[in-house]
Amino acid sequence: MTEKEAPPVAGLLLAAGGGRRLGGRPKALLRHRGRPLVEHAVGVLRAAGCARVHVVLGAQAAAVRERAEFGDCVLVENPDWADGMGSSLRAGLDSLAGTGARAALVSLVDQPGIGEEAVARVLAAYEDETSLASAAYDGVRGHPVLFGAAHWAGIAATATGDRGARAYLKEREEAIRLVECGDVARPYDIDTEADLAHLE
């Protein structure tokens, strides 16, 4: 794909977590509808319209590569995944530099209640590389989020621990276009044993 043909928005799936509260089972490998959760999450991004998808792996990356079908996704390994989501976000944004992508649509592997309709709504909020958009659930900001390329350096500079882009976005509350998705998605996380009941 030449830079000219490259779709302006790339999907960026953060799937590096080790599932500390799940007894150390990587979230990417949890089963959902008969396949690894990471595969489901990639499928959602694709169905929503992301032709290019980068997936950040971390915990048990070799096993995840082996057990999940990724098609033509770009796989990015984050050796610092244990430091938290911030390091995975930085690794993912770094992998998009020079690809021609003008924005990144960032989703999390452990939110299977957020399907293609919600993702497509946030994707449609893209205007140019200065865009900032986020799904909202009853007015409360959540995932996925869309970051125009003009924001990547600033996000990378402030993404630490498990905070991801939170600090960067908090300072730019006024600029974020909120896209209500509460009618089509449920933004729960798969964090604990009890949350596994959400998987199918």
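Colleague: How many of the 12 residues of H1 are buried?

Modeller: This is a predicted model in which local features need pLDDT of at least 70, side-chain atom pairs count only at pLDDT 80 or more, and totals for chains, interfaces and linings use all residues. Residues are numbered from 1 along each chain as its sequence is written, and side-chain values use heavy atoms, without hydrogens and water. Helices (H or I, at least four residues) and strands (E, at least two) are DSSP runs numbered from the N terminus, and buried means under 20% relative accessible area, with exposed over 50% and partly exposed in between (1.4 Å probe, protein chains only). Helix H1 is mostly covered, and among its buried residues are Leu 37 and Ala 48; the number buried is 9.

Colleague: How far apart are the end C-alpha atoms of helix H1?

Modeller: The expected span is 1.5 Å times one less than the number of residues. For residues 37-48 this should give 16 Å, and the separation agrees with it, being 17 Å.

Colleague: Which strands are the edge strands of the open sheet of 7 strands?

Modeller: The sheet has mixed pairing and the order E5-E4-E1-E6-E8-E7-E9. Two strands pair if DSSP finds at least two bridges between them. Each edge strand pairs on one side only; they are E5 (74-77) and E9 (177-180).

Colleague: What is the bridge partner of Ala 133 in E8?

Modeller: Strand E7 (residues 132-137) runs antiparallel to strand E8 (residues 140-148), and 5 bridges join them. In E8, the partner of Ala 133 is Leu 146.
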